Amino acid sequence: MIYEKHYVWSILLRLYHWSLVSSVVTLAITGFYINTPWTLTTLEGTGLYPMLTMRNIHSLAGYLFTAAILVRIFLLIFGNRHERILDLLPVTSRNIKNMSTTLCSYSYLHDCQDEERLGHNVVAGVIYVLTIIVALFQMASGFYLRLPESVFWQKWGVMLFGTQQHARFEHHLMMWYFIVFALIHIYLVIWNDLKHPDGITSSIFTGNKFRPRSIK
Amino acid sequence: MTDTAQSTDLNLQVDRRGFLKGCTMVAAALGISEAMIPKLVEAATSAQRPPVIWLHFQECTGCTESLLRASHPDIGRLILDIISLDYHETVMAAAGHQAEKSLHDTLDKYAGKFLCVVEGAIPTKDNGIYCKIAGRTAVDILAEVAPKAAAIIAIGACATYGGIQAAQPNPTGAKGVQDLVSGTPVINIPGCPPNPISFLGTVLHYLTFNRLPVTDNLGRPLFAYGRKIHDHCERRAHFDEGRFAEEFGDFGHRNGYCLYKLGCKGPETFSNCPSARFNDVDVWPVSVGHGCIGCTEPNFWDTMTPFYERLPNVQIPGTSGITDIDSAGKTILGVAAAAVGIHAAIGIGKKVIKGCGCKNENKES
């Protein structure tokens, strides 16, 4: 069978993806440190500032995370046809069909892939939209915790999360969403790559996916 | 301040020196210029200052105790001296019908002019029968007094956000004043107990400028609750440097290191404790080696507990099990990993049984 190369993921989307990966990893590690600092310093007068450094890196990664999410939201509206929100959600008959095909395939009921489709499958699409929503809450709680005295963030923070302690609790809880997401995401990418020859893993590096030439 | 700390006399009058000193302290707490101190003094000594009705509901009287007793007689007496207290169950001489008469006289005579201070939560369940004074429920008393007051000052964690009575499962349906009163301005002075300076500052601000001080989104005056404890804490340098007390009495604790890992809630609590301090001897919880418990924040009994952990515990859905947030997270991650493992095993098993699973690959082979 002859396969054809198709350009699917724009540079901006790939940049978004890798910014998100690096920021989430950094945020989780520094976040764990900030919650439960594992260093045991008793040296005085050294000026090492481990907590200060961790918090600064956390903030920096938070801004990268924010930028990445804003780029993805931009692409949801103005991206190419594989990146737009209408391609991610089960709102068209094509997408609803894909969703059931994907769910059947994931539960090993049959082995068919929607070969015509180049973008995300709709199960992934729904989870990605949910992830962006969680990310928005994560950003808002993060800014509320970082800028507690700002009138703007205090107003929204109290409305959305409650006190600083509520926000902190929910911020920490949502981190676990991203950790579980990462596990399942990586597993399903490998699973799909083993099952289907469309080049799903390399597509996030190169932007290209493959499908049989017979499909137009 | 040392002279007042050592003072043990029981003279009920505030001398002029103590009076001016108290006004100066309040001006400092309010963050207003020293040029305004004469105006504060003038307002505090004015003959036309409004009377105060002090209502006690579900509370322990700790707020009153901390205001009046403590070790700073000047501030305590200053409060009694400045405000014309017409009704206060703890300190008034009258009792029974006399006391109730005094309350109603003030309500009639000074309607729309008096200040109302509320201490304690208001139980609303079962028609409010869990707190009754002179045969009437707290809900009824507040409903009668609140509309006639010029402003209401809710003092303490209970009157502001319900306090310990409102902690889960809140058996009496206790609520704070701001949830029950509309139409009359309410200002919150939370804390368990709050610093007397914060209360006095609010009262003097009202007497001097004829309006309540600016508040944050939770109704607390910004002059006292505008900054996080963590940002003014004397142990902050140890926090940034990563020097923590790991347990009570260890090396770090004895050397004054940060109490963060002992569950100090300073990073999520707004109050002037590190700058205003307590008891005229310049102490506050963190300075004497115990973490902040976040008593100025709404529902702190529910959200700040366990007091010696950083974050609240989580209820495992569908069970009565309670665990800390990271154990819950690890459990969810473990379940997800197990699901992934089972999913992968089924895939491999199917492939072993059937040979090749995919239609495309079948075509190719």
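A helix here is a DSSP run of H or I with at least four residues, and helices are numbered from the N terminus. The model is a predicted one.

**First stop: B:Ala44.** Select residues 37-45 of chain B, which form helix α3, and locate B:Ala44 within that helix. Is B:Ala44 buried or exposed? Its relative accessibility is 3%, and because buried means under 20%, B:Ala44 counts as buried. Next, display the residues in contact with B:Ala44 beyond its neighbours within four places in sequence: B:Phe19, B:Arg49, B:Ile82 and B:Leu204. Then select B:Trp301, which is 257 residues from B:Ala44 in sequence and 36 Å from it in space, C-alpha to C-alpha.

**Second stop: helix α4 of chain A.** Select residues 93-106 of chain A; this helix has 14 residues. From first C-alpha to last, α4(A) reaches 20 Å, close to the 20 Å expected at 1.5 Å a residue. Now colour its buried residues: A:Asn95, A:Asn98, A:Thr101, A:Thr102, A:Ser105 and A:Tyr106. Viewed down the axis of α4(A), these buried residues fall within an arc of 125°, so they line one face of the helix. In general, an α-helix has 3.6 residues a turn, so residues three or four places apart point the same way.

Turn to the face directed away from the buried side, where the exposed residues A:Ser93 and A:Lys97 are found.

Definitions and conventions. Residues are numbered from 1 along each chain as its sequence is written. Chains are lettered from A and ligands numbered from 1 in the order in which they are written. This is a predicted model: local features need pLDDT of at least 70, side-chain atom pairs count only at pLDDT 80 or more; totals for chains, interfaces and linings use all residues. Side-chain values use heavy atoms; hydrogens and water are left out. Helices (H or I, at least four residues) and strands (E, at least two) are DSSP runs, numbered from the N terminus. The expected span of a helix is 1.5 Å times one less than its number of residues. Buried means under 20% relative accessible area, exposed over 50%, partly exposed in between (1.4 Å probe, protein chains only). The arc is that of the directions from the helix axis to the C-beta atoms. Contact means heavy atoms within 4.5 Å.
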